[in-house]
Amino acid sequence: MLNYIFFQFFLFYIKMRKKVHQNFIYLLFLFFFIILCNGQNNNSNFTTSFIMDLYDPNDNLNVRYLLEYDVQRGEYVDHYKIHNTLNIKTAIVCSEEDMNLPEDNKNTIVFWNTANYNEIYSSVIYMDAFPLWYNQQKKKGKRFCLRVEAVGWDKNVSEKINCDDPENKQLCPDLIILGTTQFSYRYYKDETLNLNKYFRNYFKKEGRSLESMLNKYAHYDYRIDNNWLAVPIISDLRALRFNKKTFDYCINKGYNLHYPPPFSDFWGSNYKETWTWEKAFEYSEIIYNCTGNPGFRIIGSKSEDTKLFIIICQSLGIPFIVEENDVKKCGFRNNPEYIKKLSIVKKLFENHYVEEWLDKSAIDKWKNSPYPKNIDEQPTFPLIDMTKNFNFMNVNGLIFDVLTTIELPDLKYCYMPGISSFLGGSGIVITKNSKFPDELFEYIEILINGKNPYLQYLNNYITPYEKVYGNLCNNELEKKSKKEYCNSFLDVEGTFPYYYVSNNKTNIIYLKHIVTNEDKQVSITDANSKFFSDVFTCGEKANYEQKTITFIDKYKLELPVKNNNTIILKSMEDIKDQTNPCNIFQESLEKAKPMQFPYNTFSEINAFELKSPISLLLAHLYYKHNETNEGTFESIINECCDIIDDTLLPRCKGYNKIKFKLGECNEQTELRNITYLNCKITDNDGLQRNIECPYISSKNIKGLFLTILSLIAIIIEIFIIIIVIKFKNEKCIMLSGFEFLLFLILSSLILDISVYFWVGSAVKYKCILKIWTMIIGITGLISSYSIKSEIIISIYNNKKLTQSNYKMRTYLLYVFIFIFQLILLTWWTFKHDGVTEKESYIKNVGSYKYNTCSIGNENILTLIFLIDYTLLVISIIMSYRGRNIPSEFNYSKKIFFTSLLTAL
């Protein structure tokens, strides 16, 4: 190519040398030659030689390929050889110069793909993109290899990521392909990156956002809490096909059938309202009556009946999932209107208008076993693998199908009934363990670049990106304006028949195609009262005054007539090929919605899909359980909804939006049960099931013991008071001190009474009285033995046989302290709030509020207790001063230990 350009420039030089100064032309020629040489040098730096090693499931080397890379095509020259290699688990591709380098000198990217061991096709596509990325990174001084692991659709989400074992690097992926129902599971386990930063950077670099490139409902699958989880890579739709031969057979027998749209004009332009699921299931019944065989089939390997049911709900205006208090729940429970609408499903399955679709052995096991007692015992039913069924190729009527390249006899794709269809797919995530997230997003950009072939290769028909089509539709759905389509359509000269429908009558007219150098034209050759032999030119819209005609769809033109009306003219050529599947899929894509619509994806949607409660609901209708009274349709739906509610409830462990409520205090155990409202607990999840009550219950053994013990003490103390008063003139009482004994016992009595106020739930009067009785009891107790101790020490130190007048001073001091305490307690009471609400935290669960006694004014309460502690310190000091007093008068040890216990 460069030699050709150089030769052309040389010819230009020969022609120009006579007109322009020779030296100037020579310099220009030399400058251009240097640029070309630099371009050749740059191209020579592009690595095109690669080595690919393929390993079997036992990690044995199966085959090594030496590959050359075709830069123009974006794939290896002999990549077809790789496609034919079977039983491959691991594929490693490196440049030829890097393959034998030590691991320290290169970086191997681990990519978990969903391929199985015998389907290496998609893995090869990801490896086809590697050389472009490799050379991009090589310019930055970085060298990489790519290791693609075929982990399948289970391990890609369930396999534990382990980056701590250097001997098993395949367990530490950098990239993972996940389905739309799987993203959130890895995301909530904190294993994948939030890609918001990279989406913003893409917009800055490309001048358009990734979001704007995606199909309109894609963000529901790929985003949580405004965080992008993955980059869409594969689109997954569902299609409906019908057996044209069966329809012809039944129509000829007089049954009222019409081809589904767009194969028949019977449905009109508002076919979304006329071609409904009610009509599709009615046709299934008609075909059953006509042929004696079911008129509907469900095909697919996973959750296809669930997807069908959700599409039906969305088309009928029935919410499949609703949200209450941040909890996702079944949306079609306990609503008579919904039950009535879903009766079309009941009729289809109960009357066996649909073929068997569930694995027979699993159904037989269910029917021959006692009915499950709880949700955990409910079975899951795998679908029949129709591709292994000898009757797979024979479809009787309508078929709910995946997008496939398998051609079945006499089957035609048609529009999906109603206003909704299924949207799923797969995306690529970057794990948090990857050391190269920035570089890997550049690899992803290569994959999704519409100028490269990888999106087309990964998608047969429709990709997740607007204006980027799959391998089989890339040329079919090239975006053009209506005017451009019209010019292309009329590009053949001649007169051609067209037909249109008016008042349920088909009319035929002839149009002459006029090919000009500018916009193509048509003239009407059979003019009548409606049409004139005017010439109409291709335009963006049909306009009678401007004499413009426009393109509507393949083989369809919109022709203006008088009074601002238009008619749709259809070429008779469309009888040969009514519609292209790519147009059908594009129409389905425009109304396709994710399974969890209108909510963004969440981790529990994967658990719901695995549990497949819809299969159980339909199995009840179709097969019925032998030992069970099936009950009403509503009861079957409610059972299904119970399972849906359970599967949609997230696990509490690791969930950061836990809501819970606390039960009443169990006064026997002094525990309050924790009820988790929006998540479910599991064994060994480490979460608390209960918490302690915020008070001592009077019915608990601890509360009973304290109450009984204090009651006994009160009775004893009252009895002692009576004895002391009655025998106050006795010598023993007089020697001990009547006032001392009376005050000491009264203080102990008040202190024991305070126990009653500390037991039981928080009540305002208890909150106040427990402090009053405790402070009065403690102050009185300390003061009583402190007064006696100080008088004895004073008399002993003065060596007098009679009490000194120090006794009165001591009494007055302690009375003053006691009165001061009462004043402080009164002041504290007026500042007291009674019962107050406090907040506590349960680890890994959340905060909760509970009622407890207010401490009132902290400063006043601190002063009250400070006085008591000061009295205790004085009491301890006095016990030390009286250590040498004769034992018959010495209370030092008793006072010392009593003071210490009180202080504690």
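A disulfide is a pair of cysteine sulfur atoms within 2.5 Å. I used that cut-off throughout these entries.

**Model and numbering.** I am looking at a predicted model, in which local features need pLDDT of at least 70, side-chain atom pairs count only at pLDDT 80 or more, and totals for chains, interfaces and linings use all residues. Residues are numbered from 1 along each chain as its sequence is written, and side-chain values use heavy atoms, with hydrogens and water left out.

**Count.** I looked up how many disulfides the structure holds, and found nine. I followed up three of them, starting with the pair Cys652 and Cys679.

**Cys652 and Cys679.** I found the sulfur atoms of this disulfide 2.0 Å apart. The torsion about the S-S bond is about 95°, so the disulfide is right-handed. Cys652 is in the loop between α24 and β25 (660–662), and Cys679 is in the loop between β26 (671–676) and β27 (690–692). They are 27 residues apart, and the pair links distant parts of the chain.

For exposure I took buried as under 20% relative accessible area, exposed as over 50%, and partly exposed as in between (1.4 Å probe, protein chains only). Cys652 has a relative accessible area of 0%, so I noted Cys652 as buried. Cys679 is at 3%, so Cys679 also counts as buried.

**Cys250 and Cys290.** The sulfur atoms of this disulfide are 2.3 Å apart. I read a torsion of about -105° about the S-S bond, so this disulfide is left-handed. The pair links distant parts of the chain, from Cys250 in helix α11 (residues 244–252) to Cys290 in helix α13 (residues 277–291), 40 residues apart. Cys250 is buried at 0%, and Cys290 is buried at 6%.

**Cys330 and Cys641.** I found these sulfur atoms 2.0 Å apart, forming a disulfide. Cys330 lies in strand β13 (residues 327–330) and Cys641 in helix α24 (residues 633–648), 311 residues apart, so I noted a link between distant parts of the chain. Both Cys330 and Cys641 are buried.

Cys313 is buried, at 0% relative accessibility. I also checked Cys640, whose sulfur is 5.6 Å from the closest cysteine sulfur, in Cys641, again too far for a bond. Cys640 is buried, with a relative accessible area of 1%.

Definitions and conventions. Helices (H or I, at least four residues) and strands (E, at least two) are DSSP runs, numbered from the N terminus.
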